[in-house]
Amino acid sequence: MEFSARGLVLSERTVGDWDKSLVLLCEGIGKISVWAKGAKRVKSPLLGASALFTFGSYSFERKGERITVESAQVEESFFGLRTDLEALALAAYLCELCKTLCAEQQEEDDLLRLTLNALFALSKASVPKEIVKPAFELRSLAQSGFLPALNGCLDCGEQQAALFFSALQGGLLCERHRAAARDAVAVSPAVLAAMRYICSCEAKKLYAFRLPKEPLKELTDLCEIYTTTMLGMELPTLRFYRSMAAAAPID
């Protein structure tokens, strides 16, 4: 059976000397694992279209369980990522997070658009990386069924007093009920407002918010902890991104 779709390369793996195994997130289809025969050859028509972060139009052939890329045309390669190692590392983490959240062959067009917008922002350096990372983490989780409870204490609904965020409980707790969650940490009003904004704003305005340095670090830490807690693991690309961010020069 032959079919076509536009998709984003979320991961690539070399198989043998010249072939590649790819994971694509495709419009209207979702995540699929495909075989790109001879894609590593210099003269292969699939060379560019089988690279990580590439968005393009693909034609496939399915035989049994195997899906093979027959032809492809690159629409966007996000070349700007190759000029900034920190942005490249962050893009790799966001794509791995996207891949982890997606079920096989289940339509995920909203998550595809979210990932493409993040790659555009990083490639063009139009949004600070420190904004892209927590916003993508929290929004992708919210869209994937892990929306945290941010409208008041999970136990009593308290909204006015000091509030604490528990990744394990999946939301806010008040001073009186925080003892029930060993991981509950205080969340400042500015950070709570940012989290609510990220979860509910229009997709095109996701990166429109700004925070001072200390609240932004608080948001970053909370979103990262929530992500690893919901996934039940820390993705390898997150550790690599941290090492690149730590080595980056301070402005």
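This is a predicted model: local features need pLDDT of at least 70, side-chain atom pairs count only at pLDDT 80 or more; totals for chains, interfaces and linings use all residues.
Residues are numbered from 1 along each chain as its sequence is written, and side-chain values use heavy atoms, without hydrogens and water.

Start with the whole protein chain in cartoon view. You will find six helices and eight strands (DSSP runs: H or I of at least four residues for helices, E of at least two for strands). From the N terminus, the order is β-β-β-β-β-α-α-α-β-β-β-α-α-α. The C-alpha atoms fill a box of roughly 65 × 45 × 30 Å along the principal axes.

Next, colour by burial. Of the 251 residues, 49% count as buried (under 20% relative accessible area; exposed is over 50%, partly exposed in between, with a 1.4 Å probe and protein chains only).

Now select Phe78 and Phe120. Their rings form an edge-to-face pair, 4.8 Å centre to centre with 75° between the planes (rings of Phe, Tyr and Trp, the last by its six-membered ring, pair if their centres lie within 6.5 Å; planes under 30 degrees apart are stacked, over 60 edge-to-face, the rest tilted). Phe78 sits in the loop between strand E5 (66–76) and helix H1 (85–101) and Phe120 in helix H2 (residues 109–124), so the pair ties together parts 42 residues apart in sequence. Phe78 is buried at 1% relative accessible area, whereas Phe120 is partly exposed at 35%.

Finally, select Phe3, Tyr58 and Phe60, which form one aromatic cluster. The structure holds five aromatic pairs.
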